[in-house]
Amino acid sequence: PGAGLPDRARFGNRRNRGGDGIRGMANFSLRNSALDARPYSLTGQKVDKPSYAQNRFNVVAGGQLRIPKLIQSERTFFFADFSGTRNRNPYHAVATLPGLAERSGDFSEAPSIFQPVTRRPFADQRIPASLMNAAAVGLLQFIPLPNQPGRVQNYQYVTSVPQNSNNFGFRLNHNLSQRDHFNFSINMQNRNGENSQLYGFRDETAGRGLNTSLGWTHNLGRR
C-alpha cells in the first residue's frame, strides 16, 4: 500500500524502478448501511432503515508496450483502466393512502365531504357506488393498503435497488519522431440497474456506450 493511502495498492516492475517498467494502481472502497443510525421520524412512527451497500473498484496500469517477438519499441506506450461499481442503493418513500372503508366510499371518520357539483354534503359521509368512477375503482387494485397507523402518512415503502456499472479504457501512444506523435484510445461502458416506485413497482434500466479516437500531432516549432 502507498503511504497515506491504506485502501490502495500499487504494483510495477520493482527490478527496473525509475526505468521503463509497467506501473499501476488498484483501489477499492466500501460503504454499508450496517454502520448507519436509524432515520429520525417526524410522526413518531417507526421508520425502517433502508439498507444499502456501495462497492467501487478501479485498476490502472501503464508503461512501455513490449510484446515478446511482436513489439519491442521504446517509442510505444500504453495506459489501461478498468473500474466498476456494485451498488445496492436505498429507496424510502412515505405517502397517505385510503383504507378499506374509504375505498368503498365510507368517509364517516373523515372531515365533511361534499358533492363536487352541488356542494352539498354526502348523506352519512358515504359516497354512493353510482357516483364512483369505474376507472378509478379499477385502479385501486394497484394501490396498496396503509401499513402504518393513523390517517396521515400511513404508508411507507422501504427497499434497495441494484445499480451496477463497468468501465474500460485503453490508450496507445507512439512517438513517430521528435515532432510527430500518434495516439489511439477506446472507452467502453456497460451499466444496468433498477428504479423503484412508490407502490413497489420496479423499472429495469440498462445501457452501453463506446467511444474511440485517433489522433496525430505534429510540432511545427524547432526542437
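# Exercises on a predicted protein chain

Phe82 has a relative accessibility of 34%, so Phe82 counts as partly exposed (buried means under 20% relative accessible area, exposed means over 50%, and partly exposed lies in between, with a 1.4 Å probe and protein chains only). The model is predicted, so local features need a pLDDT of at least 70 and side-chain atom pairs count only at pLDDT 80 or more, while totals for chains, interfaces and linings use all residues. Residues are numbered from 1 along each chain as its sequence is written, and side-chain values use heavy atoms, leaving out hydrogens and water.

## Exercise 1: The overall plan

How many helices and strands does the protein chain have, and what pattern do they follow along the sequence?

**Solution.** 
- Step 1. Start with the count: the chain has 2 helices and 7 strands. Both are DSSP runs numbered from the N terminus (helices are H or I with at least four residues, strands are E with at least two).
- Step 2. Now read along the sequence, and the order is β-β-β-β-α-α-β-β-β.
- Step 3. Look at burial: of the 223 residues in the chain, 24% are buried.
- Step 4. Finish with contacts, meaning heavy atoms within 4.5 Å. Among contacts between residues at least 6 apart in sequence, 60% join residues at least 24 apart.

## Exercise 2: Two aromatic pairs

How many aromatic pairs are there in the structure? Describe the pair of Phe57 and Phe82, then the pair of Tyr91 and Tyr157.

**Solution.** 
- Step 1. Learn the rule: rings of Phe, Tyr and Trp (its six-membered ring) pair if their centres lie within 6.5 Å; planes under 30 degrees apart count as stacked, over 60 as edge-to-face, and the rest as tilted. This rule gives 4 aromatic pairs.
- Step 2. Phe57 and Phe82 make a tilted pair, with 5.9 Å from centre to centre and 40 degrees between the planes.
- Step 3. This pair links distant parts of the chain: Phe57 is in strand β3 (residues 53-64), Phe82 is in strand β4 (residues 76-95), and they are 25 residues apart. Phe57 is partly exposed because its relative accessibility is 23%.
- Step 4. Tyr91 and Tyr157 make an edge-to-face pair, at 6.2 Å centre to centre and 65 degrees between the planes.
- Step 5. Here too, distant parts of the chain are linked: Tyr91 sits in strand β4 and Tyr157 in strand β5 (residues 155-175), 66 residues apart.
- Step 6. Compare with the cut-offs: Tyr91 is partly exposed because its value is 23%, whereas Tyr157, at 19%, is buried.

## Exercise 3: Salt bridges

**Solution.** 
- Step 1. A salt bridge needs a side-chain nitrogen of Lys or Arg within 4 Å of a carboxyl oxygen of Asp or Glu. The structure has 3 of them.
- Step 2. Arg151 meets Glu102 at 2.5 Å, N to O. Arg151 lies in the loop between α2 (134-139) and β5, and Glu102 in helix α1 (residues 100-103), so this pair ties together parts 49 residues apart in sequence.
- Step 3. Arg151 is partly exposed, because its relative accessibility is 41%, whereas Glu102 is buried at 18%.
- Step 4. Arg126 meets Asp106 at 3.4 Å, N to O. Both residues are in the loop between α1 and α2, 20 residues apart.
- Step 5. Arg202 meets Glu194 at 2.8 Å, N to O. With a relative accessibility of 35%, Arg202 is partly exposed.

## Exercise 4: A strand pair and its hairpin

How many bridges join strand β6 to β7, and do the strands run parallel or antiparallel?

**Solution.** 
- Step 1. Two strands pair if DSSP finds at least two bridges between them.
- Step 2. Strand β6 (residues 180-196) and β7 are joined by 17 bridges and run antiparallel.
- Step 3. For an example, find Ser185: its bridge partner in β7 is Ser213.
- Step 4. The hairpin of β6 and β7 has 5 residues between the strands, and there Gly200 takes a positive phi near 95 degrees.

## Exercise 5: Leu97, buried or exposed?

Is Leu97 buried or exposed, and which residues does Leu97 contact beyond its sequence neighbours?

**Solution.** 
- Step 1. Locate Leu97 in the loop between β4 and α1.
- Step 2. Leu97 is buried, because its relative accessible area is 6%.
- Step 3. Setting aside neighbours within four places in sequence, its contacts include Glu102, Ile143, Pro144 and Tyr199.
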